Amino acid sequence: MSNLLTVTEAAQLLGVSTKTIRRWENEEKIKAIRTEGGHRRFEVFSLLGNKHDASLTVAYALSF
């Protein structure tokens, strides 16, 4: 498995639209690697940040 994601895969990972991913890259909020054909690729590590802990937030709700 590659550590590089397409725009669509990055958007799904972060829960935003592909348009938002492209805008963030243009605004230099996230960094993209360009392929020879000019397509954007994103490193999973850079999208998720550099976290040293393995903390995870979990939420749930019960309905009756």
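What pattern does the protein follow, read along the sequence? The pattern is β-α-α-β-β-α. Helices (H or I, at least four residues) and strands (E, at least two) are DSSP runs, numbered from the N terminus.

**Before you click**

This is a predicted model: local features need pLDDT of at least 70, side-chain atom pairs count only at pLDDT 80 or more, and totals for chains, interfaces and linings use all residues. Residues are numbered from 1 along each chain as its sequence is written, and side-chain values use heavy atoms, leaving out hydrogens and water.

**Stop 1: the whole protein**

Show everything as a cartoon. Of the 64 residues, 19% are buried. Buried means under 20% relative accessible area, exposed over 50%, and partly exposed in between (1.4 Å probe, protein chains only).

**Stop 2: the sheet**

Select the strands. They form an open sheet of 3 strands in the order β1-β3-β2, with antiparallel pairing. Two strands pair if DSSP finds at least two bridges between them. β1 (4-5) and β2 (33-34) stand at the edges with a single partner strand each, so one side of each has no neighbour in the sheet.

Now pick β1 and β3 (residues 40-43). These two pair in the antiparallel sense over 2 bridges. Click Leu 4: Glu 43 in β3 stands opposite.

**Stop 3: the helix on the sheet**

Is Glu 25 buried or exposed? Glu 25 counts as buried, because its relative accessibility is 15%. Leaving out residues up to four places away in sequence, Glu 25 touches Ile 30, Ala 32, Arg 34, Arg 40 and Phe 42.

**Stop 4: the core**

Select Leu 5, Val 7, Ala 10, Ala 11, Ile 21, Ile 30, Ala 32, Phe 42 and Leu 47. These 9 residues are the largest nonpolar core. Such a core is a set of buried Ala, Val, Leu, Ile, Met, Phe, Trp, Tyr and Cys residues joined through side-chain atoms within 4.5 Å. Helix α1 (residues 7-14) gives the largest share, 3 residues.

Finish on Leu 5. Beyond its neighbours within four places in sequence, its contacts include Ala 10, Phe 42 and Leu 47.

Notes: Contact means heavy atoms within 4.5 Å.
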